[in-house]
Amino acid sequence: MPACIVNIARKPIEGQSFNVLNAVIGTMESHGLPGNVTMTLTTNLGSGISIIATIRWESFDAFEEFQDSFFANQSSTSRWDETASKCQSVDTNVLEVIKPVDNVPDGFIPKYMVRNIFTAKRGKRSELIDALIENRESSTGIKGTIMKPIGHYQNIRVTQVFDSLEAVRASLAMIQSPENRERTDKIIQLTDQIIRPVSRIRYLKN
């Protein structure tokens with residue numbers, strides 16, 4: 001089980017989306033690190049497309065060791081800046097894994113990723129985590145990854161993968177169904193905000 005996930009979210013400037021995508025995939029391939037690269041399919045009005053690299057680490061120490069090596073390598077930092085020059089912004093996030101993805105059927109090939117980002121009410125983060133774990137354990141099918149960002153005290157993330165847009169649609173319909181209303185209402189009562197960006201997976205390495 002990975003101990004942490006690192007997300008690097010880039011918002012390309014107009015006309016640079018696929019140049020940034022290709023550069024990010026190239027960097028992931030050159031390092032051979034386990035993870036994925038996604039491109040947002042749904043965005044908030046005016047927010048623009050995001051290209052997100054996700055890297056899995058078996059320990060925080062392993063990530064820190066890689067980070068130390070990266071900062072000491074001028075070629076690596078130059079490539080980072082070159083890609084960043086094609087972006088409006090670059091945001092990084094480190095998340096501690098609480099529950100990893102589970103119950104993935106043999107031969108499953110994920111095509112879409114949904115990041116459910118919850119902002120807990122003040123003082124309710126632990127209760128929200130418990131409610132999300134309870135909801136996860138009672139669900140059928142692939143069980144999503146539950147994570148907490150180490151730099152955002154009130155946030156929790158549940159990441160799910162799907163093999164089709166129809167499966168993405170059906171998952172939201174199931175969440176909103178009458179039979180799940182009690183669990184859904186409990187989670188809503190513990191949160192100030194929930195957003196659900198949907199992305200297309202463009203690169204994947206297990």
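Colleague: Which residues gather in the patch of negative charge on the surface?
Modeller: This is a predicted model, where local features need pLDDT of at least 70, side-chain atom pairs count only at pLDDT 80 or more, and totals for chains, interfaces and linings use all residues. Residues are numbered from 1 along each chain as its sequence is written, and side-chain values use heavy atoms, without hydrogens and water. A patch takes residues with over 30% relative accessible area (1.4 Å probe) and no salt bridge (Lys or Arg nitrogen within 4 Å of an Asp or Glu carboxyl oxygen), joining like charges within 9 Å. The negative patch here consists of Asp61, Glu64, Glu65 and Asp68.

Colleague: How many residues of strand E5 are buried?
Modeller: E5 spans residues 112-120 (strands are DSSP runs of at least two). Tyr112, Val114, Asn116, Phe118 and Ala120 point one way, Met113, Arg115, Ile117 and Thr119 the other, and all are buried. The count for E5 is nine of nine.

Colleague: In E9, what is the bridge partner of Tyr112?
Modeller: E5 also pairs antiparallel with E8 (residues 191-195) over four bridges, where Ala120 faces Thr191. With E9 (residues 198-205), E5 forms three antiparallel bridges. There, the partner of Tyr112 is Arg200.

Note on methods: Patches are made of residues with over 30% relative accessible area and no salt bridge: like charges are joined within 9 Å, nonpolar side chains (Val, Leu, Ile, Met, Phe, Trp, Tyr) within 5 Å. A salt bridge is a side-chain nitrogen of Lys or Arg within 4 Å of a carboxyl oxygen of Asp or Glu. Lys and Arg count as positive and Asp and Glu as negative; His and the chain ends are not counted. The place of a charge is taken as NZ of Lys, CZ of Arg, CG of Asp or CD of Glu. Buried means under 20% relative accessible area, exposed over 50%, partly exposed in between (1.4 Å probe, protein chains only). Two strands pair if DSSP finds at least two bridges between them.
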